[in-house]
Amino acid sequence: MIGFPGTRSTSSFSSSSKRGCKDVDLVVALAGNANVGKSAVFNQLTGVDQIVGNWPGKTVERAEGTLQYHGRTIRVIDLPGIYSFSTYSMEELVSRDFIALERPDIVVNVVDASALERNLFFTVQLLELEANLIVALNQIDLMEKKGISIDYKKLEEILGVPVVPTVATKGKGISELTEGIVGLADHRRVPPAIRYGREVEDRIESLVSLLDKIEIGYPRRWLAIKLLERDEAITKHIAATDPRIVRAAEDLAKEIERIHGEPSGVVISAERYKIADEIAREVQMIRTYEDTLTDRLDRIALHPVLGYVAIVAVIGGLLAWTFIVGAWISGILSLAFNSIEQFEPVVSGPIGDILWNGAFTGFVAGVTLVIPYVLPFYIILAVIENSGYLTRISLMLDRGMHKLGLHGKAIIPLILGYGCNVPACFSCRIMETPKQKLIAAFLVTLVPCTARTVVILGLVAAFVGVWWAVGLYVLDIILIIILGRIAFKIIPGESVGLIMEMPSYHVPSAKVVLKQTWARTKSLLWIVFPAYIIGSAVLQAIYAAGWLNPVNSVLGAITVDWLGLPAVVGILLIFGIVRKELTILMLAVIFQTTDFAEVMSPVQLIVLALVTMIYIPCLATILSLAKEFGWRKASAITVFEVAFSIFLGGIAFRLLSLIM
Amino acid sequence: MPKEHVEEYLEAVFDIAGKDGTAKTSKVAKKLQNTPASVTEVFQSMARNGLVQYEPYKGVSLTAKGAEAAIKIKRKHRLLEVFLAKVLQLAPEKVHDEACRMEHCVSDEVSDAICRLLNAPARCPGGELIYPCEKGIESCMECQRTAGRSSSGAKRDIVPITDLKPCQKGTIAFLRGSQKVIQRLSDLGLTPGTEVTLRRKTPMAGPIEVCVRRTSLAVGHEIADNIFVEALGAC
């Protein structure tokens, strides 16, 4: 494997994937453009619930699952969606190295049948990589709706690889696809090489002859094409082995440029598109078609005024719905639990009782605080994601995001951040440059996730006033804008503009929405419940052991003197590192009441909520930041946010004391 | 110090400067085949004119003014290379040295005329990018239009895609911008010669939505400004 700087992710490909465990008979990789239904095919094949969504770039982490078929164990790998094997993004580099060097037994090219030309452009590149290919012609229902029909047999003939029509969301064609995969594993087909136009083809061939003695795993013809395209990574790699080849390639590329007057990479892409267009013309019939739904909806969603109204309505609606429905369910659940056991801590008696009581309190808190807010949020988020509307928000807000050194796509991680910061941090990979990834992830950690929402609602909305809670949200957005602007100025690196595919709208299916909601909630619960139960038990133990006051008095200078809060919150802020809602839960444990208005003044409640909102990304977020950007940057963000929140909290305390 | 001299130095710093924008004096000296001492002297005088920032031991970096001048001279150099190679049919190995000598006496007007004649080439024979002129994108088509297309006859109406009206079609003529962005755009189907439809513009120079091969792309305004199309009729 080529040692690119910063390709930490490639190592995960090499180690585990192929013959990691002996009982895997076949390794199958799913590859294709973004947003063509790869994840849906993956879910159908493996039964794993990989999140699907109608926006490009959603699968950023490689997902893996296994499938049993006629006594064979097949490992399926869902690669991120890409349009090409250039070096535009990390995903493209990683995917091409995986296919070329790890050599999965089969590559399933998932193709959007309703945009055949663009998808075949990628198919051509997979054939150049000499993958053992099978094409899943997906979304044929959508294709038919768009008035297109495709002659599958003819396509199979031209490409020289099997073609299987599928509708993955409905499970259609999946068993045929599985059969095709197994069949291809037994009888590999060698498709004919795809020929370019004369000027390019001659030069590819003369380069291939030069590459005769190079043994680095990539197919030679593909290497020759990449050298002509001036592919950075490949050129560097070959230069290390034989710089003469690179010089020859450079001369040939210049010749191509002299003939066409365009950069050679563009010439080759254009030629490839010509091939794709020709194949498509041969096999498809198109009747005129107007996407009236998308057109009509976009007239509102992308309207210069109504478009922004729609964004405020949708995002505001999402949050309002979460609060209202969440509070309602939470109320019902707490009532139910209160009738079982009193929500009261036990601080004396045998240690077992103390721990058990703590654990139970933690469990109750998980059920009454998290589920009610997370579920409704994720349901509506899944609806919005699957509809295709997220990309419209991106487009409308692109201009504003430029001020933060980002572009429209960055709004997607930020919105996801309102649910949970962890997946939102990972989704920052949809940004193209390291600088933009880092800014986006930093801003994501400032977005109040559902956990922080619980704190803001539980402290401020419940005991001070709803409008104060809304005010905190507005303040948060203002902070994101200001800090984003500052980060843009101080973080070095380049920023690129928006280039994004706009999917058509479709009506989200209830099944997909519910599955997705459950998958997300489930993964959250795995973190939340242990953290709650253990955290709550530990706190009660600490309390019973009498260690609480020493800790709090150490932090007193900050909590009491500067922030004007009761001394006990010191320990809460420490526990809040694990999960933000632990602060409110622990508050209830310590004060032995859930009526916080009794023990704290409105100013104190607001200051505590404000500090909790921004003081530190929770432990899981810190870990994901470290994974994405390294420990240095993760700690820098953490330290900054702690210092900043304390600074801001102190000022808020002084200002609010004047007016309240 | 003669203008020619200063321009050579600007080019050298521009070529050598690494990611942080600084070039080591020793490297510049080597490139210009001069002694470090005399190079340092030149830099000190250039620093006084506000073209570079000079820090002893660290090296030299271009100021905004200096960078502007360097890009301008680079543009002239590369345009001349194309002109010499394509129009005058000079042997490729001679092109660079000839251009090196000519670049200093070519006026802006002449270099723009060459640009028009060559239909705004994106790259010089050496493959390096030719920087767009600083007149801004608006004038690139103005440039084409007012000067009238020369010899090749047919008058093509080449405009940035952002100048199309919603629903108007166009054929991609050429793309400008960084190599990565150009590659990305062509990978997504915006290859020269492809017919596209401008679907929608958003206000305040927001992104445009463009339809290509039955897929829809959103493209930021700055990037779209560098996609030049031959305008066709409305749909």
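Reply: Ile486(A) counts as partly exposed, because its relative accessible area is 42% and that class runs between 20% and 50%. Keep in mind that this is a predicted model. Ile486(A) sits in helix H21 of chain A, which covers residues 466–490. It also belongs to a nonpolar patch on the surface, along with Val466(A), Trp467(A), Val470(A), Val474(A), Ile478(A), Ile482(A) and Ile490(A). Together, the residues of that patch have about 800 Å² of accessible area.

If you take contacts in chain A with a separation of 6 or more, 74% of them link residues 24 or more positions apart.

Asp78(A) gives you one example from the buried part. It is in strand E3 (residues 72–78), and it counts as buried because its relative accessibility is 0%, with the cut-off being under 20%. The side chain of Asp78(A) is in polar contact with the side chain of Ser39(A), at 3.2 Å. Lys38(A) is 40 residues from Asp78(A) along the chain, yet their C-alpha atoms are 7.0 Å apart.

Arg230(A) is one to check for its backbone. It isn't a glycine, but it has a positive phi of about 65°. You'll find it in the loop between helix H9 (220–228) and helix H10 (232–241) of chain A.

Now for Glu92(A), which takes us towards the partner chain. This residue lies in helix H3 (residues 90–102) and is buried, with a relative accessible area of 1%. Its side chain makes a polar contact with that of Ser86(A), at 2.9 Å. Setting aside residues up to four places away in sequence, Glu92(A) touches a set of residues that includes Ile82(A), Tyr83(A) and Phe85(A). Arg184(B), from the other chain, is also one of its contacts.

So what does the meeting of the two chains look like as a whole? There are 46 residues of chain A in contact with 41 residues of chain B. About 3,900 Å² is buried between them, with 57% of it from carbon and sulfur atoms. On the chain A side, Tyr88(A), Arg399(A) and Ile499(A) lose the most area to chain B, together 17% of what that side buries.

As for polar links, 16 residue pairs are in polar contact between the chains, and the count of salt bridges is 4. In one salt bridge, the side chain of Glu117(A) meets that of Arg214(B) at 2.6 Å, N to O. The elements giving two or more residues to the side of chain A that touches chain B include helix H4 (116–128), helix H16 (389–402) and strand E9 (499–502). Helix H12(A) gives the most to that side, with 6 residues.

Key:
Residues numbered from 1 in each chain as written. Chains lettered and ligands numbered in written order. Predicted model: local features only at pLDDT ≥ 70, side-chain atom pairs only at ≥ 80, totals over all residues. Heavy atoms only, no water. Helix = DSSP H or I, 4+ residues; strand = E, 2+ residues; numbered from the N terminus. Buried < 20%, exposed > 50% of the residue type's maximum accessible area, 1.4 Å probe, protein only. Polar contact = N/O pair within 3.5 Å; in protein donor to acceptor, adjacent residues only side chain to side chain. Contact = heavy atoms within 4.5 Å. Patch = residues over 30% accessible without salt bridge, like charges linked within 9 Å, V, L, I, M, F, W, Y side chains within 5 Å. Areas by Shrake-Rupley, 256 points an atom, 1.4 Å probe, with all protein chains shown as cover. Buried area = accessible area lost by both parts, 1.4 Å probe.
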